[in-house]
Structures are given as structure tokens and as C-alpha cells.
Amino acid sequence: MKTKTQANLKLIFLALAILLLNATPALSQTANTADALLGKFKPPDHRIRDVAFSPDAKLVAASYGFSDEGGITIWNVADRSVVATLLFGTKDAVSVPRITFSEDGKLFVAATGDGDVIVWTVGQWRSKKTILQHRGAPKDLTCSRTFLGLTSEDVALIYNLKTAEVVVLATKTTDVDSYNGISFTPDEKIVAVTGRRGTWLWDVETRKQLATWEAKSFGFFGRLSPTGTHLIAGGGPVFGKKSVQIWNVKDRKLLYELTDFRGGLFSIAISHSGNLFALAGGDYSDSGDLSLWGVDDGREIGFTSFGESPIHGLDFSPDDSMLAAGSEDGYVLLYAVDRLTGAVIKKQDSLLCGEIVLDGNRAFIRSLTKVPLPMRDFGYPWKLDIINSDAVAAFNGLPIVLQDWFIESTAGADRARIKEFRLLLEDRTRGNSERLVFGYTQNPGWDEGFIAKLYGDGRFVAASTTGKCLAYGSLEDLKTDLPTVRNRLISKGLIAIPRDPLVLGTDHYG
């Protein structure tokens, strides 16, 4: 139940927001014209885990499900018809984190959440064979001509598709062990395994370890390029360190390390040519992220986003013309690789209120003040780099409203490009440093709060916690002034708001 103090705060805020001065119509939102999305497939479960093309590019498959039941759907790429639905809706239904086709296209393989590996003959979908059981939560699955490779939280192994021989390369010995990637060189003589503690190369025939080095995967992925010349390992959670390392396999040399990512990194695919790689991830409140990179130079080529949930699972078509991606919003997405170029540019549909701050020769617009954030942190809820910094560099520390502006998004950040803005303080009163800030924030729902900031010249700005302008103008027009508002806030109990969360010991607060 809301407290009397909270109710009073909102009444005061509403009094300020009655007069929306100098409001402008909402701006339309349009994406950049080079739309790379070719089409979407919809499976019966939205929790997509992995995707795979058949070697002839006629089929595309998706697996889904987490801790409970899931399954697999396979489509005909040409007419988008469902070719087969496996496991889903049966007594054998289970989550399926990893899938792949064999290199010759004759077999389809799935690793389930129970740690089993199941094989189907392509085209004979009613019969299946379980070749491995209870091998741990699967992290990677790959097929060469002769071998199947599997890594999980517990083990890294290879399975001979002709003889059914199982060779265990490594097993978990400590709590920090985990094996997250496995792949073969084109001649099948060497297999690479990545994990949290490094990367290992084994000779497939002798089963001897050839090399090990510090290419850590941070718990998500690691793969050899199809040419066998590069190894790319990395990943990262939504909140925490992200890193993608590109290694020269022959020299065991780190070529590039990429760390500038704004969302989680959960999946990788390397093109069959070995020249490109794609990364996928995102977060659970904004979008699924997909970026395309050059292997030789570690340069970002293109970026796109989809939906409001992360992307899991990536696969290039055999000719590298298409890229399949599995969105947790419930779609398998097909992209044209040659159209994945540049940033995503969107004209914004709302005004943005914030203050300008400078860092060297770069200008940013950020939230009007710090607020309580999830996990009980206290800080600025948002900050945007301004591409055309010269336009606002003279207004350091001052509030502005972006009236006509765009967001240009890459894998690393959203950046603002300003076409039209307005300064919200009068020139003659910029030297007055007096400020009064109030608002309300809660969690869950921290991004739905508001901030009101009053300045010494009698101007005010009110915005949502995410920066959307709610009101701005002059207190004089509202028949009041700064001392009057300050005294009212104190008399109505602002000073009595508790500093601690309403539910102590948790991340819920008001």
C-alpha cells in the first residue's frame, strides 16, 4: 500500500506537469532502409535455444525449451512449411539446448537438457536413436564427417559416428570447470575444446593433448573457423564482463580482443568461408542483438536488433548468403548477410530531457539526477553519447530537450544524433547553482518512475526515469517559485522518506 508521503510527492509532481509547455507532436519511428530481415518462422514454443541449416540449405531447424518440456521444429526454407516436429507434445518432450546436422546431411542430432544425444536419419523423422545418455547440461554440439563433438558442464567428448566409440577428452574436476565449445579442423585430425579455464587442442587419432592456452570462453562459446586457421572464444552475461577473443591457431597468438558490448553475448557462428562471424545476445528488457564482424580485422560490419528478448543460436547457410537466428521472443529469423551493414538508425518518437556532460572532446546527455537502480545500486539510469557533440558542447551541466533526434545502434552502444534541441535555462541565470530535485522510484518497475528538477532561475524539467520528457517550463507560469515548492516538499514530509528499501534484505524498494 502506498504511503501518504508517496501520495503527496505525486500530487506535487502532477501540479508541475499540468502545464506541458512548448510541447511538440510525437515523432514517427522508422528503421534504416537497409532491412536485412528476409523472413520469420514461428515454432510452438517461444524459448528458442538453437538453430541449424541443413548442408543443402533446404531445411532450417530450431530447438526450444528450458527446464521443462520443449522440442524441435524443422521447416522447408523455400515454402516455409513444417517438415517435422520432434519430441514436442510427446511423453519424451524435453528442453533441447543444442542441435546440428551432420556434414553430409544424412543425420540430424540433438543434445537434450537431460544430457542425452539423440540422432534421426534426415527424412525418417519417426524413428530416433539415443547414442549418449546423461552427459551433463549441453553447451556445444558439432558434427564433422566422422565425428560428433559434445561439450557440457561436466565433460568434453567425441563420438565416432561409424564405430560408436566414445572418447572422453576432459571431465569436470572443480566447481569452476565447464566445457563450452568443441570443433574440428577440416581434416578431422585436431579437435579444439574451449572452457572457462582455457582452450585445449587434441590429436584425434592419438588422443594426446597438443597445446593449451588462455583463450577463456566466459561460459558461453568457443569455435574453430571452418578453415581451421582461427579460434574465436568468448561471451558474457547481461550484467558483467564481456569478451570475445580472436586467435591465430597455428601461432597460438591473440589477434584481437573485443570488449565493447552493451548486452549479453550468448552465441556465435562463423561463416563457411572463415571470413565473417556473427554474435548474438541482448537482454531481457530491451532487444535481441545480432552483430556481424570480420575475422581478419575484428571490425564490426553491421548490427541489427529484434524484439525485447535475447537471441540464442546462430547458423550461416552453406553459401553464407543467409544467417539464421533464434529469438527468445519466439521466432526463427532469416537475415540476408550482405545487408547486415552499418548501424541501426531510428528516428525517436518522444522528446528526451537530460543534462549535458563533457568527457574530453565528447559530449553526452544523461539523466537529470541519480536514482535507486535494481540490485540496490544508486546512479544515473542512462547516459547517451552524442555523435555530433559540437552542437551541444557549450552547454556543459545544463538541461536540454532533444526535439528531433535519432538513435544509432551498434553492438557496443546506442548513440544519439541531434537535429533539433532546446536549451531549458535562460542565458542570464546560468550562474545560479541552486537546485531542487525530487521524484519517485520503485523496484520492480524502477524505469516507470519520475524525476522533477527545479533550477535557481525558476525553470523546471520533469522526466520519466528513462528520460522521456513529461513537462518543462517556468514556475512563474504555474504561479509559484523555488522557495515555495521547497518549503511545501519539506512540510509534506519529503524528509521523512526512509532511506532503506521497504522490504529489508531484498531488492524490492519504494
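Analyst: In this predicted model, the charged end of Arg-366 sits over the ring of Tyr-380, at 3.9 Å from the ring centre. A second contact of this kind pairs Lys-383 with Phe-364: the charged end of the lysine sits over the ring, 4.3 Å from its centre.

Rings also pair with one another. Searching the whole structure gives 15 aromatic pairs. One of them joins Trp-213 and Trp-247, with ring centres 5.6 Å apart and planes at 50°, so this pair is classed as tilted. An angle under 30 degrees would have counted as stacked and one over 60 as edge-to-face. The two tryptophans come from distant parts of the chain: Trp-213 belongs to strand S17 (residues 209-213) and Trp-247 to strand S20 (residues 243-248), and 34 residues separate them. Both Trp-213 and Trp-247 are buried.

Phe-220 and Phe-266 make another pair, which is tilted because the planes of the rings meet at 50°; their centres are 5.5 Å apart. Phe-220 is in the loop between S17 and strand S18 (221-224), while Phe-266 is in strand S22 (residues 264-270), so the contact ties together parts 46 residues apart in sequence. Phe-220 has a relative accessible area of 24% and is partly exposed, whereas Phe-266, at 12%, is buried. Elsewhere, one aromatic cluster is formed by Phe-101, Phe-108, Trp-120 and Trp-125.

Next comes the nonpolar packing. In soluble globular proteins, nonpolar side chains tend to be buried together. Here the largest nonpolar core contains 31 residues, and Ile-365 and Val-392 have the most contacts inside it. Several strands each supply at least two residues of this core, among them S30 (352-359), S31 (362-366), S34 (383-386), S36 (414-423) and S40 (469-474). Strand S35 gives the largest share, 5 residues.

That leaves the open space. Rolling a probe the size of a water molecule over the atoms shows where empty space is left. The second largest pocket has a volume of about 1300 Å³. Its lining has 48 residues, and the closest to its centre are Asp-140, Leu-141, Thr-142, Arg-223 and Asp-315. Strands that each supply at least two residues of this lining include S2 (48-53), S6 (98-101), S14 (179-184), S18, S22 and S26 (311-316). The largest share of the pocket lining is from S10, with 6 residues. Sorted by class, the lining of the second largest pocket holds 24 nonpolar, 15 polar and 9 charged residues.

The largest cavity holds about 80 Å³ of space. It is lined by 14 residues, and those nearest its centre are Phe-261, Gly-264, Leu-265, Asp-289 and Ala-411. S22, named above for Phe-266, also supplies at least two residues of the cavity lining, as do strands S23 (276-282) and S24 (288-294). Among these contributions, S23 gives the most, with 4 residues. The lining of the largest cavity has 7 nonpolar, 5 polar and 2 charged residues.

Key. Residues are numbered from 1 along each chain as its sequence is written. This is a predicted model: local features need pLDDT of at least 70, side-chain atom pairs count only at pLDDT 80 or more; totals for chains, interfaces and linings use all residues. Side-chain values use heavy atoms; hydrogens and water are left out. Rings of Phe, Tyr and Trp (its six-membered ring) pair if their centres lie within 6.5 Å; planes under 30 degrees apart count as stacked, over 60 as edge-to-face and the rest as tilted. Buried means under 20% relative accessible area, exposed over 50%, partly exposed in between (1.4 Å probe, protein chains only). A charge sits over a ring if NZ of Lys or CZ of Arg is within 6 Å of the ring centre and within 35 degrees of the ring normal. On a 1 Å grid over the protein atoms alone, a cavity is a set of points where a 1.4 Å probe fits but cannot get out, and a pocket is an open set with protein on both sides within 12 Å along at least five of seven lines; lining residues have an atom within 4 Å of a point. Grid points are joined across faces, edges and corners, and a volume is the space filled by probe spheres set on the points. Ala, Val, Leu, Ile, Met, Phe, Trp, Tyr, Cys and Pro count as nonpolar, Asp, Glu, Lys and Arg as charged, and the others, Gly among them, as polar. A nonpolar core is a set of buried Ala, Val, Leu, Ile, Met, Phe, Trp, Tyr and Cys residues joined through side-chain atoms within 4.5 Å.
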